[in-house]
Amino acid sequence: MEFPDSVKDAAFRRSGGQCECMRTSHNHAGRCSTTVTRNTAEYNHIPVNPKTTSNTLANCEVLCVTCCREVLACAP
Ligand SMILES: [Zn+2]
Ligand SMILES: [Zn+2]
């Protein structure tokens with residue numbers, strides 16, 4: 001399910017143009033902070049609850065391409 005553009009815009013503003021990934025399993029210490037643009041950023045659903053796939057801002061994280069690829073590769 002895709003996020004509407006309004007949510008993507010808000011998420012991108014929140015991210016400050018940097019990847020929001022905090023996963024400790026990735027090859028970055030703390031927050032990734034790779035610079036992304038509105039067009040290169042990936043918008044990922046945060047799996048807080050697998051049953052909720054709502055397209056709200058709270059459920060959206062901004063990822064760089066590298067992190068997104070790793071997250072998707074790790075997804076069940
Ligand atoms: Zn990243
Ligand atoms: Zn990452």
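This is a predicted model: local features need pLDDT of at least 70, side-chain atom pairs count only at pLDDT 80 or more; totals for chains, interfaces and linings use all residues.
**Overall arrangement**

The chain contains two helices and two strands, and from the N terminus on these elements follow the order α-β-β-α. Of the 76 residues in the chain, 20% are buried. Among contacts in the chain with a separation of 6 or more, 57% are between residues 24 or more positions apart.

**Surroundings of Gln18**

Gln18 belongs to the loop that lies between helix 1 (5-15) and strand 1 (42-45). Although Gln18 and Ser33 are 15 residues apart along the chain, a distance of 4.7 Å separates their C-alpha atoms.

The table lists contacts of two residues, leaving aside neighbours within four places in sequence.

| Residue | Residues in contact |
|---|---|
| Gln18 | Ser33, Thr34, Thr35, Val36 |
| Cys21 | His26, Arg31, Cys32, Leu63, Cys67 |

In soluble globular proteins, nonpolar side chains tend to be buried together. Here the largest nonpolar core consists of 11 residues, namely Ala11, Cys19, Cys21, Cys32, Val36, Ala41, Cys60, Val62, Leu63, Cys64 and Cys67. Strand 2 (residues 60-63) supplies the largest share of this core, with three residues. Cys21, one of the core residues, is in contact with Cys32, Leu63 and Cys67, among others. Val36 is also part of this core, and Val36 is among the residues in contact with Gln18.

Definitions and conventions. Residues are numbered from 1 along each chain as its sequence is written. Chains are lettered from A and ligands numbered from 1 in the order in which they are written. Helices (H or I, at least four residues) and strands (E, at least two) are DSSP runs, numbered from the N terminus. Two residues are in contact if their C-beta atoms, placed from the backbone, lie within 7 Å. A residue is buried if 20 or more other C-beta atoms lie within 10 Å of its own, exposed if 12 or fewer, and partly exposed in between; C-beta atoms are placed from the backbone. A nonpolar core is a set of buried Ala, Val, Leu, Ile, Met, Phe, Trp, Tyr and Cys residues joined through C-beta atoms within 7 Å.
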